[in-house]
Amino acid sequence: MESTWELLSTYGVELLLLAVVVFLVFWGSRFFVNVGAREIAIKERRYAGKRMPPGRVVATAGEVGIQADVLKPGLHFLRWPLERVVEKVPLVEIRSDQLGIVEAVDGEPLRQGRIFAPDRAQNKHNNFQDPIAFLTEGGIKGTQLRVLPPGLWPIHPYLFRVSIARVTIVPDGKVGVVTAADGASLESGRLLARAAEGHENFQNAEAFIAGNGQKGPQIQILTPGTYRIMTQSLDAGEKSKAGLFRVTIADAIAVPENQIGLVEALDGAPLETRDYVAPSIEGHSNFQDGEMFIKNGGRRGPQKDVLLGGTYYINPLLFKVIPSPASEVKPGEVAVIVSNIGEDPTAEIRRQVSTRAAQRVAAEEQALGLQDEEVGDPAERRLDTGTHEAYVVPEGYRGIREVVVGPGRYYVNTLAMTPVIIPTTNQTVEWTKSEDTTAFNPFEVISKDGFTMQLEVRVVFRVRPEDAPFMVSKIGSVENLVKNVMHPLIDSIFRNQASESGAMAYLQNRHEEQTRAENRVRAHLLKYHVDVVNVLICHIHLPEELMKTQTERILAEQRQTMYTTQRDAQQKRIELEKTTAEADNQAALMKETVGVEMSKRKADQRKAEADGAAYYTRTTGEAEAAKVRAIGEAQGSAYQQQVAALGAQGVAVVETLKVVAEGKVKITPDMLVTGSDGGGGVASLMLLNLFKGQMASNTAGKAD
């Protein structure tokens with residue numbers, strides 16, 4: 001029994017002690033609260049206090065409701081049952097790559113037209129850690145311009161709602177284009193908001209608003225780096241909230257080597273009506289300081305200044321950059337500069353340039369010996385002069401500059417100055433049947449005798465450097481010169497010349513026709529300040545039927561020439577052989593020549609002798625003839641008398657006997673032949689025949 005009592009006494013004391021402990025803990029929890037190191041406690045006043053004004057969310061001292069004051073880490077005494085801890089909440093943690101956007105659910109009302117609340121308390125609330133100071137110092141309800149930097153913050157969750165936003169990172173080679181959702185209104189006609197002072201690259205939103213920062217796209221940009229800017233929150237589990245600024249990442253302007261960046265301003269003062277490009281402005285640091293560009297009077301539109309090779313951090317909302325190759329003038333070329341900037345030339349300046357051009361053309365005309373009809377009419381001269389006055393100007397004036405640019409690489413603003421590349425070496429234009437796509441088709445012309453001919457022509461020309469500006473002022477470029485001037489001009493010249501000559505004559509007088517065409521082309525192109533080196537007729541295509549006839553005629557002439565040549569060759573060969581033979585037989589020839597001469601002399605001698613003998617014979621003959629004639633006449637008379645006396649037969653017998661008597665006739669035969677008739681008839685006949693023969697012989701001898 002005693003042991004049981006002792007046991008009960010021991011357990012009773014422990015139970016009593018336990019009860020005392022439970023009692024103390026229970027009541028201690030009502031009067032004391034322990035707040036952990038990473039949390040805060042929200043307390044509430046329930047009795048014996050003033051009521052909060054309408055619209056208020058948290059109570060200040062002496063007001064019933066959720067108290068603005070929070071219990072920070074540590075042990076705190078509560079006036080229970082007047083106060084109690086509603087809940088414990090963790091501290092707000094902002095990491096190093098974050099910032100906290102704070103929205104106050106209580107405070108003074110936001111001014112009409114504003115979206116974000118300025119910090120009227122001037123941070124007396126110590127980054128929203130002192131809610132009472134926020135409310136008593138005029139804190140404004142709504143999204144606050146002040147943000148929370150990285151750290152642990154005991155923020156009252158009933159008074160402030162904190163959303164997390166990431167820091168803004170602008171990578172290398174990029175720019176951050178900023179748009180403000182709140183601020184003053186833009187001036188009329190402006191596209192970008194002017195710069196505000198002290199906002200530290202938009203990290204101090206309150207300074208931005210206080211410095212009259214304007215809403216809308218900002219003229220200032222963010223260069224590569226990390227920025228704590230009040231942008232859109234990215235809290236998970238709740239709707240994202242828009243911040244004061246929206247940052248858009250854009251590429252920086254990179255101008256490659258051997259290129260330039262042509263700049264066009266999208267904002268600024270209006271461009272003057274007479275200007276093609278805006279004049280240079282100082283201080284904009286290659287257009288990277290847009291605010292200085294605007295302050296110093298920068299104008300909208302194409303800019304005279306250009307960007308060379310490199311990387312530039314330029315606001316793409318203010319400037320538009322167009323990459324363009326650097327202008328390169330190769331050897332054998334010049335660049336004629338058409339300037340869109342500069343002063344307008346005076347009448348005196350234009351007159352001086354015109355005079356210099358006219359003097360140069362006149363000197364060339366005189367050197368070439370061109371006549372007035374070849375140079376052109378006075379109207380064309382006046383047109384040329386007017387063109388020079390209107391466009392070609394000295395350097396520094398607006399227009400086509402008189403001084404050209406030689407070979408090299410130039411970083412020229414092609415919006416302000418347009419370079420026109422003109423080759424100064426010999427250029428060739430062809431009218432031919434070749435497959436060259438740059439060549440024209442051959443000329444088809446009609447000759448005076450009605451035949452159609454095709455002419456293949458080549459023209460070589462050049463533009464002197466000093467003449468290039470005037471050529472550009474007349475026609476614009478070499479391409480225009482070839483297409484709009486040379487092609488129709490040379491076509492007309494060759495047509496006119498062909499119509500003045502027959503087809504075959506044109507072919508035969510090719511050189512003269514070529515020279516005449518060259519002079520005409522040179523005279524006409526001189527008006528365009530183009531020097532013609534030569535004009536060549538490469539080929540003349542005549543009709544097939546004409547060529548066939550001509551070929552046959554030429555072949556016939558060639559055959560005739562060949563035959564004549566062969567004949568002449570044979571004659572010359574004969575002469576050669578004769579000469580050779582004469583040379584080989586010169587001694588014999590001389591001997592024969594002497595013999596011929598002697599024979600000739602003998603012949604002359606014999607002729608003289610013959611002539612003498614003939615004369616003698618003729619004279620003697622004539623005397624003998626006269627004698628014979630006299631004798632004959634006497635004998636005839638005697639015969640007639642004998643016939644009359646004796647008869648014809650008797651006279652014949654008498655004469656026969658005379659002949660026999662003279663012994664001239666043999667009457668005795670060597671052989672006697674007799675007949676049966678006694679030989680009288682035969683003998684008489686033979687005797688008579690012999691007599692007649694003898695008489696005939698005698699007569700012939702006398703005649704000799």
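Leaving aside neighbours within four places in sequence, with which residues is Glu518 in contact? Glu518 is in contact with Val533, Asn534 and Val535, where contact means heavy atoms within 4.5 Å. The structure is a predicted model, in which local features need pLDDT of at least 70 and side-chain atom pairs count only at pLDDT 80 or more, while totals for chains, interfaces and linings use all residues. Residues are numbered from 1 along each chain as its sequence is written, and side-chain values use heavy atoms, with hydrogens and water left out.

**The protein as a whole**

- The secondary structure comprises 15 helices and 30 strands; helices (H or I, at least four residues) and strands (E, at least two) are DSSP runs, numbered from the N terminus.
- Of the 704 residues in the protein, 35% are buried. The term buried means under 20% relative accessible area, exposed means over 50%, and partly exposed lies in between (1.4 Å probe, protein chains only).
- Among contacts between residues at least 6 apart in sequence, 79% join residues at least 24 apart.

**Helix α9**

- Helix α9 has 21 residues and covers residues 478–498.
- From its first C-alpha to its last, α9 reaches 28 Å, close to the 30 Å expected at 1.5 Å a residue. The expected span of a helix is 1.5 Å times one less than its number of residues.
- A bend of about 35° occurs in α9 at Met486, and a proline, Pro488, follows within four residues. The bend at a residue is the angle between axes fitted to the seven residues ending there and the seven starting there.
- The buried residues of α9 include Val478, Leu481, Val482, Asp491 and Ala498.

**The packing of α9 with α11**

- Helix α9 packs with helix α11 (residues 510–525) at an angle of about 140°, and their axes are 10 Å apart. Axes are lines fitted to C-alpha atoms, for helices over the stretch in contact, and angles run from 0 to 180 degrees between N-to-C directions.
- The crossing of α9 past α11 is right-handed. A crossing is left-handed if the near helix is turned anticlockwise from the far one by less than a right angle, and right-handed if clockwise.
- On the α9 side, the contact involves Val485, Met486, Leu489, Ile490, Ile493, Phe494 and Gln497. On the α11 side, the partners are Glu513, Arg516, Ala517, Arg520, Val521, His524 and Leu525.
- The residues of this contact comprise 9 nonpolar, 2 polar and 3 charged. Here Ala, Val, Leu, Ile, Met, Phe, Trp, Tyr, Cys and Pro count as nonpolar, Asp, Glu, Lys and Arg as charged, and the others, Gly among them, as polar.
- Val485, Met486, Leu489, Ile490, Ile493, Phe494 and Gln497 are also among the buried residues of α9.
- Glu518 lies in helix α11 and counts as buried because its relative accessibility is 17%.

**Helix α8**

- Helix α8 (residues 468–475) is mostly covered, with 8 of its 8 residues buried.
- The buried residues of α8 include Phe470, Met471 and Val472, together with Ser473 and Lys474.

**The loop between β7 and α2**

- Asn123 is placed in the loop between β7 (98–104) and α2 (131–136), and Phe128 is found in the loop between β7 and α2 as well.
- Although Asn123 is not a glycine, its phi is positive, at about 60°. Phe128, which is not a glycine either, has a positive phi of about 65°.
- Asn123 is partly exposed, because its relative accessible area is 25%. Phe128 is buried, because its relative accessible area is 0%.

**Residues brought together from separate parts of the chain**

- Arg38 is placed in the loop between β1 (32–35) and β2 (39–45). Arg38 and Pro154 are 116 residues apart in sequence and 8.5 Å apart in space, C-alpha to C-alpha.
- Leaving aside neighbours within four places in sequence, Arg38 is in contact with Pro90, Leu91, Glu93 and Leu152.
- Ile209 lies in helix α3 (residues 205–210) and is buried, since its relative accessible area is 12%.
- The C-alpha atoms of Ile209 and Leu145 are separated by 8.6 Å, and the two residues are 64 residues apart along the chain.
- Beyond its neighbours within four places in sequence, Ile209 is in contact with residues including Arg114, Leu145 and Leu244.
- Val392, found in strand β23 (residues 392–393), counts as buried because its relative accessibility is 0%. Val392 and Val353 are 39 residues apart along the chain, and their C-alpha atoms are separated by 7.0 Å.
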